[in-house]
Amino acid sequence: MGRYVIRRLLQMVPVFLGTTFLIFAMVHVLGDPVAAMFGDRTPDPATAAAIRHDLGLDLPLWQQYLNYLGDIVQGDFGKAFNGQPVTELMGTAFPVTLKLTLVAIVFEAVIGVALGMISGLRPGGFADNGALAFTLLIISVPTFVTGYLLQYLLGVKWGVINVSVSSETGIGELLIPGLVVAGVSLAYVTRLTRTSVAENMRTDYLRTAVAKGLPRRRVVGVHLMRNSLIPVVTFVGADIGSLMAGAIITERIFNIHGVGFQLYNGVLRQNVQTVVGFVTVLVLVFLLANLLVDLLYAVLDPRIRYA
Amino acid sequence: MRGVTRVVCVVGAGSLLAGCGVAGGESRGGTDPNGVVRASWSDPQRPIEPGNTNEVQGGKVLGLITRGLTRYDPKTAESVNDLAESIETEDSRVWRIRLREGLRFSDGTPVTARSFTDAWNYTANITNKQVNAPFFQYVEGYADVHPADETARPRAKTMSGLKVTGPRTFEVRLTQRYATWAEGLGYQAFAPLPRLFFEDHAAWLRRPVGNGPYKVESYRRGKAMKLVADPAYRGPDKARNGGVELVVYTDPNTAYADLLAGNLDVADDIPAAQLPNAAADLGDRFVVRPAGIIQTVSFPFYDRAWRGARAAKVRRGISMAIDRDAITKRIFNGTRIPAKDWTSPVLGAKGGYDASVCGEVCSYDPKKARRLIEEGGGLPGGKLVLTSNVDTGSHRDWMDAVCHSVDKALGREHSCVVNPVGTFADYRTQVTDRKMTGPFRAGWQMDYPNIENFLSKLYYTDASSNDGGHSNPEFDRLIDQANAAPSAAAAVAGFKDAERILARDVPAIPLWYQNGSAGFSERVRDVALDPFSVPVYQAITVTR
């Protein structure tokens with residue numbers, strides 16, 4: 001187990017270098033960010049050159065990348081164009097998005113698995129068909145529609161929730177945005193759980209457990225659930241990464257100053273430091289989430305052993 | 001709260017009497033002088049400092065916390081003396097400035113002549129990398145602190161043209177005659193700065209200190225800024241509310257929703273998608289007024305195909321093929337007004353606006369348009385490629401409409417195609433690298449309300465924002481002549497003569513003037529926009 005973890009961690013190094021270089025190069029291909037700082041006005045060449053020099057943009061790409069790597073090893077992610085250190089931006093954005101992700105994951109896991117279990121235990125029943133219709137609806141409606149709709153109805157029309165999330169970003173304020181973010185994944189979790197449960201209902205070990213005369217609670221709760229959750233865990237684990245990065249639309253709708261919003265701003269302003277910095281951290285999050293999922297397999301399924 | 005206000009009034013009965021009378025009278029009508037206005041904001045792109053702020057969001061803050069030599073009347077856009085007691089010149093080249101007595105920054109330090117010259121020298125100096133440095137390019141000695149050569153180091157720390165002649169007086173020597181120079185002094189790049197700015201720059205940026213009606217109470221970058229009315233402010237535009245809280249929104253649609261829900265008092269920049277509903281949603285709480293912004297389509301004169309008399313005919317033809325009335329009505333719901341010259345109606349006749357300058361070139365006449373384009377040898381390359389960034393401002397929508405209009409006039413499908421560029425940054429890079437092959441969008445938001453700002457910065461040979469590379473010696477000569485005029489009024493007349501050349505040349509097609517829009521909540525009153533489409537925060541009153 002220990003050796004397996006070390007091997008996986010070592011594998012992360014080339015993946016990390018490759019992805020950061022790719023994103024670094026890609027932001028560069030977008031073009032020169034300095035021109036936009038002058039608005040519709042033509043940049044003054046001397047000032048533009050001085051700013052470029054200050055940001056290190058006058059060096060060749062490979063040298064910029066090496067400088068950047070050298071800096072981030074020392075914990076320096078550079079500065080955004082408004083003069084704010086990127087680490088400071090991360091310090092405010094990541095906790096916010098993490099909260100949102102947690103809320104979303106809890107919704108996904110609790111509601112998704114519960115719905116999946118109910119419909120999987122009685123395939124073809126009323127609850128199963130209801131869940132099927134419900135998940136179809138959620139999957140087919142885009143996030144921004146659910147987002148704006150809930151915001152308008154609950155926030156503007158009925159005044160039940162705050163339209164925008166305040167800068168303190170309490171968990172309570174994040175319930176509705178979290179639900180919106182969780183929406184599509186929740187539907188997938190329901191589907192996955194349902195299929196997996198329905199399949200495992202017909203397995204030998206389950207029939208054995210029932211034949212042994214175990215109470216139904218134990219049959220379903222331990223034997224069935226534990227084995228049915230493996231694909232779900234994979235999905236939810238991978239989803240942590242994409243939720244951390246991919247809540248751009250929901251974050252903008254509900255005024256959440258999280259990772260998605262910072263990335264959006266960074267791309268719009270072609271702010272290399274912000275975009276590469278955030279993506280670098282996200283790459284780490286993805287890699288670690290994947291490792292965690294793989295380790296969880298072993299916990300759920302004793303047949304899987306890592307050496 | 002009411003009681004507290006009264007007590008303050010009695011104690012400060014001396015000089016504050018007039019101000020208290022107003023506040024007291026209104027508090028009976030339900031006004032809360034301590035009420036805080038919650039207003040929408042978005043994250044400024046650059047650090048907030050006079051030399052580095054060139055967009056509206058940072059400008060909002062500077063407009064609240066700084067005051068300059070002159071200011072622009074929020075209603076008429078006229079430039080009037082503010083901190084300056086007098087600004088005098090005999091030859092439009094050497095300007096003598098005298099400040100009013102007893103001026104102070106909100107930290108208590110005095111505003112002196114040096115507060116101005118130090119600030120201007122700081123902004124102009126290349127080592128400080130300030131984007132507004134070119135505003136000082138006509139001051140003598142600018143080339144020494146800001147060499148044009150990208151590799152050269154500055155030869156001086158201060159501009160030789162700035163001379164402090166007393167604690168409240170200084171002299172500015174320009175490199176050329178510039179009759180309308182004083183008209184630009186209300187722009188925020190010319191604001192004075194306290195000693196703190198130079199002694200502890202980082203601290204100043206964390207919490208800017210100025211001399212305006214408000215002072216910064218707290219600033220959480222990227223989230224919110226709280227400003228409180230400065231009780232020591234002595235200017236004519238004292239705050240009529242207790243403070244302003246600027247809240248950063250991720251999206252103007254969210255700000256609008258918050259306004260409807262009553263969680264926000266003032267939302268400026270109503271998103272285009274909401275404009276059709278705004279009047280119904282807000283009723284008389286919806287404000288629209290002309291802003292000093294003109295959208296044009298410029299041409300790449302560095303491309304041979306667009307030069308010469310025949311190409312000028314084609315440009316005129318394209319202009320006449322655009323149905324401005326229909327496009328502004330359908331796409332912008334009347335929040336943009338078809339352009340009739342190259343300036344803006346907010347200037348007023350005195351500032352140089354004249355709706356007759358463009359004439360038939362700006363009117364829709366598809367038959368004549370087609371004839372002109374054919375006489376000019378047809379569209380260069382056989383078709384028109386219209387370029388703009390499409391990440392903001394509904395640019396994609398109006399470009400499609402313009403192309404459709406041109407197609408219809410020429411009776412040929414796909415004679416005009418849109419070349420959308422994903423981000424503003426990329427677009428501006430392509431424009432400044434002179435990569436355009438056809439007409440491209442050129443927006444201009446005035447820095448100060450004068451015709452000079454709309455003409456000499458954009459169409460003079462090698463001017464700072466002459467993206468298309470337009471050059472006409474006759475136009476340049478008239479601009480020079482206007483600059484050398486003995487008075488601002490004579491200069492304006494001269495600039496209008498120069499503008500008539502544009503109607504012949506059509507270096508850029510005027511499309512429409514842009515209006516600023518804002519909505520406000522039932523909690524506040526007296527919300528208006530200034531000619532820069534920024535809410536006049538200090539005039540807003542909060543009801544109890």
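Colleague: With which residues is Val406(B) in contact, leaving aside its neighbours within four places in sequence?
Modeller: In this predicted model, contact is taken to mean C-beta atoms, placed from the backbone, that lie within 7 Å. Once the neighbours within four places in sequence are left aside, the partners of Val406(B) are Ile318(B), Ala321(B), Ile322(B), Leu384(B), Ser415(B) and Cys416(B).

Colleague: Val406(B) is among the residues with the most contacts inside the largest nonpolar core; which helix gives the most to this core?
Modeller: The core in question has 217 residues, and Val402(B) and Leu455(B) stand beside Val406(B) as those with the most contacts inside it. The greatest contribution, 12 residues, comes from residues 86-121 of chain A, that is, from helix α4(A).

Colleague: How do the residues of the contact of α4(A) with α7(A) divide?
Modeller: Helix α7 of chain A spans residues 175-200, and its axis comes within 6 Å of that of α4(A), the two crossing at roughly 35°. The crossing is right-handed. Its contact residues divide into two charged, eight polar and 19 nonpolar.

Colleague: Which are the edge strands of the open sheet of four strands in chain B?
Modeller: The order of this sheet is β4-β5-β7-β6, with antiparallel pairing.

Methods:
Residues numbered from 1 in each chain as written. Chains lettered and ligands numbered in written order. Predicted model: local features only at pLDDT ≥ 70, side-chain atom pairs only at ≥ 80, totals over all residues. Core = buried A, V, L, I, M, F, W, Y, C linked by C-beta atoms within 7 Å. Buried ≥ 20, exposed ≤ 12 C-beta atoms within 10 Å, placed from the backbone. Contact = placed C-beta atoms within 7 Å. Pairing = 2+ DSSP bridges. Axes fitted to C-alpha atoms, helices over the stretch in contact; angles between N-to-C directions. Left-handed = near helix turned anticlockwise from the far one by under 90°. Nonpolar A, V, L, I, M, F, W, Y, C, P; charged D, E, K, R; others polar.
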